[in-house]
Amino acid sequence: MDSLHTSIQSIIEEAGWLAPILFIILHLVRPMLFIPVLLLCMAGGLFFGVLYGALYSIIGLSLSSLIFYKLVHVFPSLHRKITSLKEKLLGNRKVTVGQVMVLRLLPFMHFYLLSLYLIEMTKSLKEYMYYSVAGILLPSIIYTAFGRAISEMPWYLTIITAALLLGVYKLFGRSRQPEPEGSSI
């Protein structure tokens, strides 16, 4: 494993300024290669360091979000497919922007499904990109900086972390729901 890391590291060093561009492009083709965001961000931290790995992941995921926005508006069939996936997985559940940002932290959440929620909640490309980039920042930094630790956590710590994130998700949902009529609290 150490020799593989050394080999990849030397390839990146030989690629020079082209390596970050190729890494960003890898973020753009990631969905077609079925590479999870988590793994790509972890690789960025491993090969480029925390600062540059997170920066390249943020750029790649932001461009990926922008391309998804454009594709959904150009190809209605793509919009229907992602909407169908959303309904199958989550029903007609309404979520807040804060909940989408928390869900971005969960490694098993579908990146473009959450992007669809943002598209439905926002009124313009500018607003969508603002929330999309804001939602990408923390996961990119966390996955890049602590990727190894997250991937090597014992199963019980992984379950506890997921439960805490789901608790925060529920908390965001309750704070945005209107009070029932007749409630005087």
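In which helix of the protein is confidence lowest, and in which is it highest? In this predicted model, the mean pLDDT is lowest in helix α1 (residues 2-15), at 70, and highest in helix α2 (residues 18-33), at 92.

**Figure 1. Overview of the predicted model and its confidence.** The protein contains eight helices and zero strands, and its elements follow one another from the N terminus as α-α-α-α-α-α-α-α. Of its 185 residues, 36% are buried. Among contacts with a separation of 6 or more, 75% join residues 24 or more positions apart. The protein exposes about 11,700 Å², of which carbon and sulfur atoms supply 69%. The average pLDDT is 82, and 83% of the residues score at least 70. Over residues 178-185, pLDDT stays under 50, and the model has one contact beyond four places in sequence for this segment. Where pLDDT is low, the predicted coordinates should not be read in detail.

Figure 2. The buried residues are F111, Y112, L113, L114, S115, L116, Y117, L118 and I119.

**Figure 3. The salt bridge between K86 and E120.** The structure holds one salt bridge. K86 pairs with E120, and their closest N and O atoms are 2.6 Å apart. The pair links distant parts of the chain, since K86 belongs to helix α4 (residues 76-90) and E120 to helix α6, 34 residues apart. The two partners can be described by their accessibility: K86 is buried, with a relative accessible area of 9%, whereas E120 is partly exposed, at 39%. Side chains of opposite charge can pair when their charged atoms come close.

**Figure 4. The largest nonpolar core.** This core has 29 residues, of which L61, F68, V100, F111, I119 and Y128 touch the most other members. At least two residues of the core come from each of α3 (37-74), α5 (97-105), α6 and α7 (125-151). Helix α3 supplies the largest share, nine residues. A second, separate core has eight residues, including I12, A19, L40 and F48.

**Figure 5. Surroundings of Y128.** Y128 is among the residues that touch the most other members of the largest nonpolar core. When neighbours within four places in sequence are left aside, Y128 is in contact with S65, F68, Y69, S115, L118, I119 and T122.

**Figure 6. L138 in helix α7 and its separation from M101.** L138 lies in helix α7 and is partly exposed, with a relative accessible area of 47%. L138 and M101 are separated by 37 residues in sequence, and their C-alpha atoms are 8.7 Å apart in space.

**Figure 7. A nonpolar patch on the surface.** The patch is formed by W155, Y156, L157, I159, I160 and L164, which together have about 670 Å² of accessible area. One of its members, I160, lies in helix α8 (residues 155-176). I160 is partly exposed, with a relative accessible area of 45%; this value is over the 30% required of a patch residue. An α-helix has 3.6 residues a turn, so residues three or four places apart point the same way.

Key: Residues are numbered from 1 along each chain as its sequence is written. This is a predicted model: local features need pLDDT of at least 70, side-chain atom pairs count only at pLDDT 80 or more; totals for chains, interfaces and linings use all residues. Side-chain values use heavy atoms; hydrogens and water are left out. Patches are made of residues with over 30% relative accessible area and no salt bridge: like charges are joined within 9 Å, nonpolar side chains (Val, Leu, Ile, Met, Phe, Trp, Tyr) within 5 Å. Accessible areas come from the Shrake-Rupley method with a 1.4 Å probe; for residues, only the protein chains shown count as cover. A salt bridge is a side-chain nitrogen of Lys or Arg within 4 Å of a carboxyl oxygen of Asp or Glu. Helices (H or I, at least four residues) and strands (E, at least two) are DSSP runs, numbered from the N terminus. Buried means under 20% relative accessible area, exposed over 50%, partly exposed in between (1.4 Å probe, protein chains only). Contact means heavy atoms within 4.5 Å. pLDDT is the predictor's confidence in each residue, from 0 to 100. A nonpolar core is a set of buried Ala, Val, Leu, Ile, Met, Phe, Trp, Tyr and Cys residues joined through side-chain atoms within 4.5 Å.
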